[in-house]
Amino acid sequence: MMPDARPFPTGQLLSAPLALRDGETLQQQLFLRVKRAILTGQLPAGTRLPATRQLAQDLRISRNTVINAWMQLQAEGYLISDRQGSRVSPIALPAPPAPAVGSEVPVADRVALLRSGHRYSSEEMPLRPGVPALTHFPFAAWRRALNRVLSDTPQRLLGYGDPLGEMALRVALAQHLSLTRGVRCQPQQIVITEGAQQALSLCVTLLSNPGDTGWVEEPGYRGAKAAMLAGSLRVQPVAVDEQGLAPDARLWQSAPPRLIYCSPTHQYPTGAVMSAARRLALLAQAQMHQAWIIEDDYDGDFRYVGEPIGAMQGMTSGAPVIYIGSFSKTLFPALRLGFMVLPAALATTLRPALHELLRGGNRLEQQALAAFIASGDFTRHLSKMRRLYRQRQQTLRQALRETLGENVRLLGGECGLHLVLRLADEIDDVALAARLWQAGYAPGALSSYCSGDAPPRGLVLGYGNTGTAQLKAGARQLRRLLDAAPSATERARRQSAAE
């Protein structure tokens with residue numbers, strides 16, 4: 001039940017005037033002030049917002065600025081709208097962290113090295129999920145960054161470096177994450193890894209013991225499950241709905257986790273965005289149960305509707321969140337550079353173990369990437385890719401509607417490099433994906449991202465590295481295969497005859 005509407009304290013937004021600043025628009029300032037007021041309890045649940053026109057007059061800014069800020073707040077779940085206007089959502093504010101020298105959440109007493117058994121094909125086929133537009137990579141800018149590093153006494157970069165990563169890259173990355181993803185961190189909290197998968201493995205190695213429970217999304221990223229199984233954890237699938245990871249109270253009691261893996265900004269593969277209320281509730285429960293949340297922000301830089309959704313890690317101070325990411329989607333997979341952002345106290349606690357587990361490598365690439373970010377080339381590349389991927393997604397949507405009908409069921413699309421095409425439950429999506437592979441296309445089968453007995457059926461269609469002509473041809477090929485596929489009744493008849 002929504003509490004009675006409270007008046008909106010416009011004066012709280014005027015403690016300092018809204019004014020244009022370098023790197024921060026009026027819309028961003030207004031959004032951050034309202035968001036901060038909600039998270040600190042100054043704007044409690046149920047507070048009714050004034051009309052956008054009136055607020056724009058009071059703040060002496062454009063009405064469109066207010067509307068856009070309100071739309072972003074709604075997208076992140078801080079506001080809800082109905083016929084009476086917009087109000088603050090009912091969200092559970094977490095308790096402030098208790099002061100402590102070390103970490104509140106227990107650190108595992110077992111440290112073990114893990115090996116990955118994954119093998120990836122080097123062939124980049126159309127519709128393959130998770131692959132960026134490789135032909136649009138800015139080689140000239142990247143070459144300039146490499147040349148700057150190579151011309152600056154490269155001998156010193158040939159030896160072992162800091163196990164936690166080159167400080168130049170950690171400094172550049174901390175600034176980038178703060179400005180674009182809302183991550184709260186200092187360079188000392190960042191650990192550079194060989195991709196996000198190594199970051200996942202390190203979390204399992206350092207923060208859990210064999211027999212602990214690890215939660216994964218269902219459907220969800222197979223690499224997270226693999227990392228937990230490699231660490232001898234009991235893997236607990238947790239259902240995902242339209243607001244992301246959706247654990248109920250009984251699950252917290254029956255299978256309390258040590259690790260919780262989630263992708264709140266753009267759930268993989270369904271594309272759901274975790275609401276602010278759901279995020280804050282998860283943070284509060286994780287603190288209560290002394291669990292660590294692994295937040296995988298694998299493609300948060302590519303959002304096509306409104307402003308980027310901020311990271312869960314930055315919502316509250318002292319959050320029990322390890323924020324991980326990589327440059328596989330933003331640059332190219334072969335770069336094999338990822339990172340994790342540790343809570344400050346945990347970074348201090350784990351530093352000795354990380355120095356034993358890691359060796360400072362890829363120093364030339366790390367230094368080049370730091371220069372690439374600092375020069376602004378990285379930001380310019382992301383901007384160009386957002387425009388390209390938005391156009392490719394629209395092309396894929398239109399092609400699927402033209403070939404499969406206007407009522408085609410598509411999930412996701414506000415962010416990332418893929419769409420999910422939902423199929424009828426009687427369709428064998430694994431077999432369909434295999435036939436598409438034989439025809440030269442490489443989508444994923446939605447059911448393969450699940451571990452339950454009755455998984456949803458569908459195809460995970462990547463458009464990042466697929467051109468317009470290939471997208472249209474792939475949709476037509478899919479239509480032909482669906483038309484030729486036997487019905488569930490026919491498959492049962494054939495199986496019965498064979499027996």
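Modeller: A term to begin with: contact here means heavy atoms within 4.5 Å. Also, this is a predicted model.

Colleague: Fine. Which strands does helix H13 lie across?

Modeller: Helix H13, residues 429–438, lies across E13 and E14. Its angle to E14 is about 35°.

Colleague: What is the strand order in the sheet with E13 and E14?

Modeller: The order is E11-E12-E14-E13, an open sheet of four strands with antiparallel pairing. Strand E11 (410–411) and strand E13 (444–445) are the edges, each pairing on one side only.

Colleague: How many bridges join E12 to E14?

Modeller: Five, between residues 418–422 of E12 and residues 458–462 of E14, and the two strands run antiparallel. Within that pair, Val 420 stands opposite Val 460 of E14.

Colleague: And helix H12, which strands does that one lie across?

Modeller: Helix H12 (residues 377–404) lies across E11, E12 and E14, and runs at about 20° to E12.

Colleague: Now the eight-strand sheet. What is the order there?

Modeller: E3-E10-E9-E8-E7-E4-E5-E6, again open, but with mixed pairing. At its edges are strand E3 (190–193) and strand E6 (244–245), each with pairing on one side only.

Colleague: Which helix packs on that sheet, touching E3?

Modeller: Helix H5, residues 167–181. Besides E3, helix H5 touches strand E9 (321–326) and strand E10 (338–341), and its direction makes about 110° with that of E3.

Colleague: Are E7 and E8 parallel or antiparallel?

Modeller: Parallel, over four bridges, with E7 covering residues 259–262 and E8 residues 292–296. Tyr 261 stands opposite Ile 294 in E8.

Colleague: Remind me, what do strands of a sheet pair through?

Modeller: Backbone hydrogen bonds, in either the parallel or the antiparallel sense.

Colleague: Change of topic. Thr 205 sits in which helix?

Modeller: Helix H6, which spans residues 196–207.

Colleague: Why does Thr 205 count as buried?

Modeller: Because its relative accessibility is 4%, and buried means under 20%.

Colleague: What does the side chain of Thr 205 reach?

Modeller: The backbone oxygen of Ser 201, at 2.9 Å.

Conventions: Residues numbered from 1 in each chain as written. Predicted model: local features only at pLDDT ≥ 70, side-chain atom pairs only at ≥ 80, totals over all residues. Heavy atoms only, no water. Pairing = 2+ DSSP bridges. Axes fitted to C-alpha atoms, helices over the stretch in contact; angles between N-to-C directions. Buried < 20%, exposed > 50% of the residue type's maximum accessible area, 1.4 Å probe, protein only. Polar contact = N/O pair within 3.5 Å; in protein donor to acceptor, adjacent residues only side chain to side chain.
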